[in-house]
Amino acid sequence: MKAIKFFVTILLMAVMPMLIVSCKERNEPTNNTTGSGSTGPTITASIVGDWELLEITKTNSEGATLENNKIEGESWTFSSENILTVGSVKYDYTLEKAKLTTEYAKVYKADFFTVQVLTDTDLKLSASYIEEDKVGDRKITNTLKFKRLSE
């Protein structure tokens, strides 16, 4: 009986820290003020213009990188008439605070993109969705990095 109590005590001591530790969302902008990217998005420019997609990184809520794809040549054009052109296909878009809403987000299984960085030369978007598997739910985030071609 003493051995069972000892085993249960050791097991609880090993498991308790995992139960009381909270997980913090990473790289999620909270407002539309100029910030560092971790406390809020860095938005200092207009999104209107031509952008080249350089890289897409896919991560999960546990911090693992699932894919990291270098991409060259895919261009996105944001017009002042709220039209996003990806390649030769046109989509309507709205940009309100740090939320870029467009039907194109469905390609990444999301309803919208979150603007993390928008400067004169750089654009960083993320699109997240929940994936279910045998273990439970995981948040999958695609992060897209762009450079501005022209305004």
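Which pattern does the chain follow, read along the sequence? The answer is α-β-β-β-β-β-β-β-β-β-β.

## Model and conventions

This is a predicted model: local features need pLDDT of at least 70, side-chain atom pairs count only at pLDDT 80 or more, and totals for chains, interfaces and linings use all residues. Residues are numbered from 1 along each chain as its sequence is written, and side-chain values use heavy atoms, with hydrogens and water left out.

## Overall fold

The chain holds 151 residues, and 33% of them count as buried. Buried means under 20% relative accessible area, exposed over 50%, and partly exposed in between (1.4 Å probe, protein chains only). The chain exposes about 9,900 Å², an area from the Shrake-Rupley method with a 1.4 Å probe. Carbon and sulfur atoms supply 55% of that.

Take contacts (heavy atoms within 4.5 Å) with a separation of 6 or more: residues 24 or more positions apart account for 45% of them.

## Around Tyr93

Tyr93 sits in strand β6, residues 89-96. Tyr93 is buried, at a relative accessible area of 4%. Leaving aside residues up to four places away in sequence, Tyr93 touches Ile47, Val48, Phe78, Ser79, Asn82, Ile83, Leu84, Leu100, Thr101 and Thr102.

Ser79 is 14 residues from Tyr93 in sequence. C-alpha to C-alpha, the two are 9.4 Å apart. A polar atom of the Tyr93 side chain lies 2.8 Å from the backbone oxygen of Ser79.

Technical notes: Helices (H or I, at least four residues) and strands (E, at least two) are DSSP runs, numbered from the N terminus. A polar contact is a pair of N or O atoms within 3.5 Å; within protein, one must be able to donate a hydrogen and the other to accept it, and residues adjacent in sequence count only if both atoms are side-chain atoms.
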